[in-house]
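Here is a briefing on one protein chain. Look over the sequence and the model first, then read the points by topic.

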Amino acid sequence: MTLEPKEVRGALFIFSSPRSFCSPINWALSEIFKSDIQLDWEIQELLPNNYSSEFNWIGPKGICARIVSNLSRWGKLRMEAIEEPINNSLGERFAVTPELGIFRADMNSLGETLLSETKIKAGFERSNQEGETIVAEISFMLGKPWDDDLEPFRRSFNGTSVRWISKTG
């Protein structure tokens, strides 16, 4: 499958969503993609009355941020969204938890989180001001608290059938 220069592939993993949010998530994604989206929801074993789903897409660069911005407003969701890098540009990774909020990082073609010189310098400064170790600061900048929260949900996640949705217009 060939992608247009301004199109990217992405994936949304909803690890936990209250049942009452499932239909509104479908509606929100349908609005964003201008296409009827009906996710396949599975029971989330770790949290009673919660469900999980997976969604893959091809769409314009930046749509991942729009998805996360829209869905994260509701709180109570645990999710991860990835916009793959394409044509020498960086991708993005978002992680969202009810307690921690949104984490965003640049991602290279190997799926690694990238830290800019500016972020590293800011980490050194925060480390000095707040009395934290630089290791703690770098762990935070790499999203470790989000990964720690999401990891049990990732492990319990069965995933659903893969369906690619292309945004048009």
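**Lead points**

Phe33, Phe55 and Trp57 are joined into a cluster by ring pairs; rings of Phe, Tyr and Trp (its six-membered ring) pair if their centres lie within 6.5 Å, and planes under 30 degrees apart count as stacked, over 60 as edge-to-face and the rest as tilted. This is a predicted model, in which local features need pLDDT of at least 70 and side-chain atom pairs count only at pLDDT 80 or more, while totals for chains, interfaces and linings use all residues. Residues are numbered from 1 along each chain as its sequence is written, and side-chain values use heavy atoms, with hydrogens and water left out.

**Confidence**

- The chain averages a pLDDT of 90; pLDDT is the predictor's confidence in each residue, from 0 to 100.
- A score of at least 70 is reached by 90% of the residues.
- Over residues 160–165, pLDDT stays under 50.
- The model has 22 contacts for residues 160–165 beyond four places in sequence; contact means heavy atoms within 4.5 Å.

**Overall layout**

- The chain has five helices and eight strands. These are DSSP runs numbered from the N terminus: helices are H or I with at least four residues, strands E with at least two.
- Along the sequence, the pattern reads β-α-β-β-α-β-β-β-β-α-α-α-β.
- Of the 169 residues in the chain, 41% are buried. Buried means under 20% relative accessible area, exposed over 50%, and partly exposed in between (1.4 Å probe, protein chains only).
- Among contacts with a separation of 6 or more, 63% come from residues 24 or more positions apart.

**Helix α1**

- Helix α1 covers residues 19–33.
- Its 15 residues should span 21 Å at 1.5 Å a residue, and the end C-alpha atoms are 22 Å apart, which agrees. The expected span is 1.5 Å times one less than the number of residues.
- Buried residues of α1 include Phe21, Cys22, Ile25, Leu29, Ile32 and Phe33.
- An α-helix has 3.6 residues a turn, so residues three or four places apart point the same way.
- Lys34 follows α1 and has a positive phi, near 55°.

**Nonpolar cores**

- The largest nonpolar core has 25 residues. Such a core is a set of buried Ala, Val, Leu, Ile, Met, Phe, Trp, Tyr and Cys residues joined through side-chain atoms within 4.5 Å.
- Leu12, Ile25, Leu29 and Phe33 have the most contacts inside this largest core.
- At least two residues of this core come from each of β1, α1, β3 (50–60), α2 (63–72), β4 (78–83) and β5 (91–97).
- Helix α1 gives the most to this core, with seven residues.
- A second, separate core has ten residues, including Phe13, Ala105, Trp146 and Leu150.
- Leu29 touches Leu12, Ile37, Leu39, Phe55 and Ile67, leaving aside residues up to four places away in sequence.

**Aromatic pairs and a charge over a ring**

- The structure holds seven aromatic pairs.
- Phe21 and Trp74 form an edge-to-face pair, 5.8 Å centre to centre with 75° between the planes.
- This pair links distant parts of the chain: Phe21 in helix α1 and Trp74 in the loop between α2 and β4, 53 residues apart.
- Phe21 counts as buried because its relative accessibility is 16%. Trp74 is at 30%, so Trp74 counts as partly exposed.
- Phe33 and Trp57 form a tilted pair, 6.0 Å centre to centre with 55° between the planes.
- This second link runs from Phe33 in helix α1 to Trp57 in strand β3, 24 residues apart.
- Phe33 and Trp57 are both buried.
- Arg19 lies over the face of Tyr51, at 4.9 Å from the ring centre. A charge sits over a ring if NZ of Lys or CZ of Arg is within 6 Å of the ring centre and within 35 degrees of the ring normal.

- Ser16 is in strand β1 (residues 7–18). Its relative accessible area is 0%, so Ser16 is buried.
- At 27% relative accessibility, Leu47 counts as partly exposed.
- Leu47 touches Ser16, Arg78 and Phe153, leaving aside residues up to four places away in sequence.
- Ser53 is in strand β3. Ser53 is buried, at a relative accessible area of 1%.
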